[in-house]
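Visitor: I'm new to reading protein structures. Could you walk me through this one, a feature at a time?

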Amino acid sequence: MRLPELLSRVPVTTTAQVESFLGSAELKWGKHRRIKVGKVFHNFLCLRCGDQRTFVSGDELDCLGLGDDQVSIDVTLRCTECEASVEAWFLVASDGPIAGQSPHVKVERYTENLRDRAERIDAASGPFADLVKRAQLAYENDLGAGAVIYLRKIFEKVTWEVAEILNIAVKKANGNPRPFAVVLEEVNGIRNIIPQRFSSDGYQLFRELSGIIHGDSTEAEALQKFKPCLQLVLGVVNEVRQDNVVAQAIEELGWNVDVVEEEVSS
Ligand SMILES: [Zn+2]
């Protein structure tokens, strides 16, 4: 196997014997070397495309020497459709000398900088994957308001689940639901569930999208704003999944997705 193949498998990290990629000369500590051994591929949810895309590196990978058995590799990856660019970093370690013939190597650390341009695929999978798919299907068939209804259901369900965990009331004394915006504000005040990129402008963008999701937007408006709305909702789901405390509590409770689907179809 060639090294880029191993890098493309991350986050699955297995030790593999790869073809020589540094050449025979040792890459000394602190020294750089550009290598041309193939491209790295990763699938992400591209936020500009609003869909899953393959991101691919250039022909050359940039290596930094860390010793005779470790190398740091920086890679920029580009969406094959819209060319949105993200970065990934790999720490590759070997059993013996990393330069030379057929080293046994393993990706010891991996991190990525997706820059609000892409998200890991698993953000779009999990309990809401089906609702997201339906929303996208409605959108592709020009059903703007229909697509937005699915997004609203996901958005509300996530917010209510977190509210419940935080012991925030979702109903008034008379049993009627409290306004969504109020519950959301209280939830977000305790645990940030609104992604940074939607709150950095003083929540203006968030309020606008949230208004489209919850208000009476026209069909054209709903279609036009579907993609940013989808990004907002997926972003909220992702924030919650990354909040270890909340995510664990939700896992213990179990997402009740069937209920959401019934509400949507009724
Ligand atoms: Zn793209």
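**Where helices meet**

Guide: Let's start with a contact between two helices: V148, L151, R152 and F155 in α3 meet I212, I213 and H214 in α6. Keep in mind that this is a predicted model.

Visitor: How do I describe the way two helices sit against each other?

Guide: Two packed helices are described by the angle between their axes and the distance between the axes. Here, the axes of α3 and α6 cross at roughly 110° and come within 8 Å. Angles from 65 to 115 degrees count as roughly perpendicular, so α3 is roughly perpendicular to α6.

Visitor: What kinds of residues make up the contact of α3 with α6?

Guide: Sorted by class, there are five nonpolar residues, one polar and one charged.

Visitor: At what angle do α6 and α8 pack?

Guide: Helix α6 covers residues 204–214 and helix α8 covers residues 226–242; they pack at about 105°, and their axes are 10 Å apart. That angle is why α6 and α8 also come out as roughly perpendicular to each other. On the α6 side the contact uses F206, L209, I212 and I213, while α8 brings P228, C229 and L232. By class, the residues of this contact are seven nonpolar, with no polar and no charged ones.

Visitor: Is K157 buried or exposed?

Guide: You count neighbours, and 20 or more other C-beta atoms within 10 Å makes a residue buried. K157, which sits in helix α3, has 21 such atoms, so K157 is buried. From K157 to V237 is 80 residues in sequence, but their C-alpha atoms are 9.9 Å apart in space.

Visitor: Which residues does A138 touch?

Guide: A138 lies in helix α2, residues 129–140. Leaving out residues up to four places away in sequence, A138 touches L143, G146, A147 and Y150. A138 is buried, because 21 other C-beta atoms lie within 10 Å. I149 is eleven residues from A138 in sequence and 9.8 Å away, C-alpha to C-alpha.

**Strands and the whole chain**

Visitor: What about strands? How do I read those?

Guide: In a regular strand the side chains alternate between the two faces of the sheet. To see which strands pair, look for bridges. Strands β2 (residues 32–35) and β5 (residues 61–67) run antiparallel and are joined by four bridges; in one of these pairings, R33 has C63 of β5 as its partner.

Visitor: How many bridges join β5 to β6?

Guide: Five, and β5 and β6 (residues 70–79) run antiparallel. G65 has V71 in β6 as its bridge partner, and a hairpin of two residues links β5 to β6.

Visitor: And how many helices and strands are there in the protein?

Guide: Ten helices and nine strands. The protein has 266 residues, of which 32% count as buried. Take the contacts between residues at least 6 apart in sequence: 63% of them join residues at least 24 apart.

Key: Residues numbered from 1 in each chain as written. Predicted model: local features only at pLDDT ≥ 70, side-chain atom pairs only at ≥ 80, totals over all residues. Buried ≥ 20, exposed ≤ 12 C-beta atoms within 10 Å, placed from the backbone. Contact = placed C-beta atoms within 7 Å. Axes fitted to C-alpha atoms, helices over the stretch in contact; angles between N-to-C directions. Parallel < 35°, antiparallel > 145°, perpendicular 65-115°, else oblique. Nonpolar A, V, L, I, M, F, W, Y, C, P; charged D, E, K, R; others polar. Pairing = 2+ DSSP bridges.
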